[in-house]
Amino acid sequence: LYFPILFLARISWLIQSFKYVAQPRSSPWGKAFDNTEFKTLPHNTLEVISLGMYYAWNVWLLASMPALHALAFVFVSQCMCGLFLAIAFGVGHNGMSVYDYDARPGFGELQVTTTRNVDGNFLVGWFMGGLHYQVEHHLFPSIPRHNLHKVRALVEPLCKQHGVPY
């Protein structure tokens with residue numbers, strides 16, 4: 001079920017990205033509906049414009065195709081993206097430590113020992129969407145992917161200093 005689920009997960013992530021960027025951070029209906037656990041993005045207007053352009057381009061592209069071609073294009077493109085993500089997740093996580101709830105280490109060690117970085121050239125980084133630095137991504141998920149290599153230079157010696165296998 002892993003691959004079929006991730007085939008379709010990409011569609012959910014597209015919806016979530018739109019909701020994250022476009023959703024107001026506070027609700028006029030009170031605290032129960034507030035979305036204040038999410039900080040406003042530093043360049044939120046740019047994010048909204050960029051995401052709007054992405055969706056507009058996709059609508060234009062799909063509108064220029066016959067309906068069945070458009071449906072096939074959406075299905076195949078999103079499934080392929082989901083497949084690539086499934087491969088990246090599998091490479092980064094399969095075969096790593098698994099802990100029982102009551103025996104798991106602290107946050108940092110847990111993140112470092114349950115995932116791995118994937119070494120390779122520029123194409124590996126591009127293919128994995130910058131997530132070949134899985135350890136750093138798990139430790140600092142809000143750092144932009146293009147900066148994860150800078151954090152690696154700090155994380156690796158810190159792990160060595162504390163005896164955590166990197």
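Two residues are in contact when heavy atoms of theirs lie within 4.5 Å. Keep that in mind for the views below, which show a predicted model.

**View 1. Leu139 and the residues around it.** Which residues does Leu139 touch, leaving aside those up to four places away in sequence? The neighbours are Phe107, Gly108, Gln111, Val112 and Val155.

**View 2. The whole chain, for orientation.** Let's step back for a moment. The chain has 7 helices and 0 strands, so the order of elements from the N terminus reads α-α-α-α-α-α-α by the rule that helices and strands are numbered from that end. Of its 166 residues, 27% count as buried. The chain exposes about 11,800 Å², and carbon and sulfur atoms supply 68% of that area. Among contacts with a separation of 6 or more, 43% are between residues 24 or more positions apart.

View 3. As a general background, nonpolar side chains tend to be buried together in soluble globular proteins.

**View 4. Helix α7 and its buried residues.** This helix has 15 residues and reaches 21 Å from its first C-alpha to its last, close to the 21 Å expected at 1.5 Å a residue. Look for its buried residues, which are Leu148, Val151, Arg152, Val155 and Cys159. They pack against α4 and α6. Just after α7 comes Gly163, with a positive phi of about 70 degrees.

**View 5. A salt bridge between Arg152 and Asp119.** The count for this model comes to 1 salt bridge. Its partners are the side chains of Arg152 and Asp119, at 3.1 Å from N to O. The pair links distant parts of the chain, as Arg152 sits in helix α7 and Asp119 in the loop between α4 (107-113) and α5 (122-127), 33 residues apart. Is Asp119 buried or exposed? Asp119 has a relative accessible area of 60%, so this residue counts as exposed, the cut-off being over 50%. Arg152, on the other hand, is one of the buried residues of α7. Side chains of opposite charge can pair when their charged atoms come close.

Notes. Residues numbered from 1 in each chain as written. Predicted model: local features only at pLDDT ≥ 70, side-chain atom pairs only at ≥ 80, totals over all residues. Heavy atoms only, no water. Helix = DSSP H or I, 4+ residues; strand = E, 2+ residues; numbered from the N terminus. Buried < 20%, exposed > 50% of the residue type's maximum accessible area, 1.4 Å probe, protein only. Areas by Shrake-Rupley, 256 points an atom, 1.4 Å probe, with all protein chains shown as cover. Salt bridge = Lys/Arg side-chain N within 4 Å of Asp/Glu carboxyl O. Expected span 1.5 Å × (residues − 1).
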